[in-house]
Amino acid sequence: GLNDALRKALKAWREILLRGRPRLITEVIGGPSDAVIFTDGSTSDTGSDPKIGGALFAPWLTAPTGFGESVPNALVDRWMKKRSRITFIELFGAVCAIAQWGTTLTGKRVSMFIDSEAALDGLIKGYSKSEEACELIAVFWQLVDEYQITVYLDKVSTDSNIADGLSRDRQQDYVDAGWTIHRVDANDIVGPNSQFEKYRQTKN
């Protein structure tokens, strides 16, 4: 039978299909991606102090760009249960990356790399055993649909994840290397007054 998490995932995908726009078919099939994103999430050794990071490479940018932020406590309590907190943080980093750069990636083909197998698996399947994770996965695909992004998801090893330092308060290293570092307000994306939260409340 259907458990609560699967019901939530099916409901979210139904809304995406009903409200989403048809995807444009590009004239050129195959070839390189228009842009590449790396995302990461981290916590302290005790599982507290969650942080996220993201890095974007695109030929139209004068330099690579990234973000590194702490996740607000209110959002931790709302979304991230202790038993699988790092998975939620990794998912949240991916959500914030699409929300942060969606306007510049509209209509583009994007390769996105994540070093968490659990988060990657949930995003690819569009489903997780956790209800909270299902909600974050739904936010990700709602944003992908909103910005009409064609996204390819794959795993990157932790040692090769260039967003790793951004989720561990080493932003200055990137600035010194010529990167542009932006702020991301997580509350704007899924906080209590965000458009997503208002939408979620009307659908629950």
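Residues are numbered from 1 along each chain as its sequence is written. Because the model is predicted, local features need pLDDT of at least 70 and side-chain atom pairs count only at pLDDT 80 or more, whereas totals for chains, interfaces and linings use all residues; side-chain values use heavy atoms, with hydrogens and water left out.

The protein chain contains 8 helices and 6 strands, where helices (H or I, at least four residues) and strands (E, at least two) are DSSP runs numbered from the N terminus. Along the sequence these elements follow the pattern α-β-β-β-α-α-β-α-α-β-α-β-α-α. The protein chain has 204 residues, of which 49% count as buried (under 20% relative accessible area, with exposed meaning over 50% and partly exposed in between, for a 1.4 Å probe and protein chains only). Among contacts with a separation of 6 or more, 74% link residues 24 or more positions apart, a contact being heavy atoms within 4.5 Å.

Two packed helices are described by the angle between their axes and the distance between the axes. Axes are lines fitted to C-alpha atoms, for helices over the stretch in contact, and angles run from 0 to 180 degrees between N-to-C directions. Helix 3 (residues 85-105) and helix 5 (residues 131-146) have axes that come within 9 Å and cross at roughly 20°. Helix 3 and helix 5 are therefore roughly parallel to each other (angles under 35 degrees; over 145 is roughly antiparallel, 65 to 115 roughly perpendicular and the rest oblique). Their crossing is left-handed, meaning that the near helix is turned anticlockwise from the far one by less than a right angle, with clockwise giving a right-handed crossing. Helix 3 contributes F88, L91, F92, A94, V95, I98 and A99 to the contact, and helix 5 contributes E132, A133, L136, I137, V139, F140, L143 and V144. By class, this contact of helix 3 with helix 5 comprises 14 nonpolar, no polar and 1 charged residues (Ala, Val, Leu, Ile, Met, Phe, Trp, Tyr, Cys and Pro being nonpolar, Asp, Glu, Lys and Arg charged, and the others, Gly among them, polar).

Helix 3 also packs with helix 4 (residues 117-125), at an angle of about 55° and with the axes 8 Å apart. Helix 3 is therefore oblique to helix 4. The crossing of helix 3 and helix 4 is right-handed. T87, E90, L91 and A94 of helix 3 meet A118, A119 and L123 of helix 4, a contact with 5 nonpolar, 1 polar and 1 charged residues.

K155 lies in strand 5 (residues 150-155) and is partly exposed, with a relative accessible area of 34%. The C-alpha atoms of K155 and S116 are separated by 7.2 Å, although these residues are 39 places apart along the chain. Leaving aside residues up to four places away in sequence, K155 touches F113, I114, D115, E117 and L120.

Most residues other than glycine have a negative phi. D49, in the loop between strand 1 (35-42) and strand 2 (51-57), has a positive phi near 55° and is partly exposed at 41% relative accessibility. D169, in the loop between strand 5 and helix 6 (171-176), has a positive phi of about 60° and is exposed, with a relative accessible area of 51%.
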